[in-house]
Amino acid sequence: MMVATIDSNGKDEWCLIAAIDDATSEIPYAEFFEGETTQACLKVLKHIIELKGLPKAIYTDRAGWSGGGKRVNFSQFKRACDELGIQVIFANSPEGKGRIERSFRTIQDRLIPELRINKAKTIEDANKYLMETFISGYWNKEKTVSPENSQSAYSPLNPFLDLNMILTIEENRKIMSDQTTTWKNQRYKIVGNVGYGSYEATFRTDFDGNTKVFVRGQEVSLELIPEPTRIEFPSEPTTPESLGLTFMHYAHMWKTIGELRNAVVQHQVTGKPIKFPNKKKAS
């Protein structure tokens, strides 16, 4: 797979993510995106699998999107390939991907002028021209070769695997003993009478931003726990005299109010009953 930034019309820069078959130089799928993201690379892989099948291996550099050290979250691509049984081979230098690098130079030299000539001003226009004209009408006709071995290295996808649930962004969160978990600064309770405490909830977000939650491989439903209503305590008066109290009683009263405030806040956070110790009367 390869990634390049293309200045299409002098104003917008689009990121082209594509793959080239090592045996034939065919481009099975390519698409322009607004940027180089994990979701974009997973989407390209999904189309390749749907069109051709599971590739035996993917040869790529150590860019962050494929599991290198630049961005940890981009290791999701490597995780998805592992689940599908696709080997990921990392090249240590551009020279290690010579065919891809040379192919991309050809694509950049020819595709950018053609986009301008055909007045592709939006990313939708560019993708339409890319797939319907450039790849199918030019590249895959004139730039491909016959493979030395006629047996395809693509394999069919296991029908029991849900591709949409594998090619996602996964995040794991611990489930507390009260069957609650947190995600994106929100607290949720798992619906149903189940003992999931101490397990992990797996949040899987697809290309469209839809999220499903799984525990031990089973999809579960979550109920949002609303933020507790905060009790507003009165501000401290300026002087004891305004309440008609001595300084000793005044200080004791506000110390007690402060302890009560802390106990209420703890109750709102944990849900546990308020335990307020008995205090000796001020003398």
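This text walks through the salt bridges of a structure and then turns to one of its pockets.

The model is predicted, so local features need pLDDT of at least 70 and side-chain atom pairs count only at pLDDT 80 or more, while totals for chains, interfaces and linings use all residues. Residues are numbered from 1 along each chain as its sequence is written, and side-chain values use heavy atoms, with hydrogens and water left out.

Side chains of opposite charge can pair when their charged atoms come close. Across the whole structure there are ten salt bridges, each being a side-chain nitrogen of Lys or Arg within 4 Å of a carboxyl oxygen of Asp or Glu. One of them joins Lys52 to Glu26 at 3.3 Å, N to O; because Lys52 lies in the loop between α1 and β4 and Glu26 in the loop between β2 and β3, this pair ties together parts that are 26 residues apart in sequence. Helices (H or I, at least four residues) and strands (E, at least two) are DSSP runs, numbered from the N terminus. Another salt bridge, between Asp82 and Lys78, spans 3.2 Å, N to O, and these two residues are four apart in helix α2, separated by about one helical turn. Arg79, Glu83, Glu170 and Arg204 are linked in a network of salt bridges.

Glu171 and Arg173 also meet in a salt bridge, at 3.1 Å, N to O, and Arg173 is among the residues that line the second largest pocket. The largest share of that lining, three residues, comes from β7, and the lining divides into one nonpolar, four polar and four charged residues.

Notes
On a 1 Å grid over the protein atoms alone, a cavity is a set of points where a 1.4 Å probe fits but cannot get out, and a pocket is an open set with protein on both sides within 12 Å along at least five of seven lines; lining residues have an atom within 4 Å of a point. Ala, Val, Leu, Ile, Met, Phe, Trp, Tyr, Cys and Pro count as nonpolar, Asp, Glu, Lys and Arg as charged, and the others, Gly among them, as polar.
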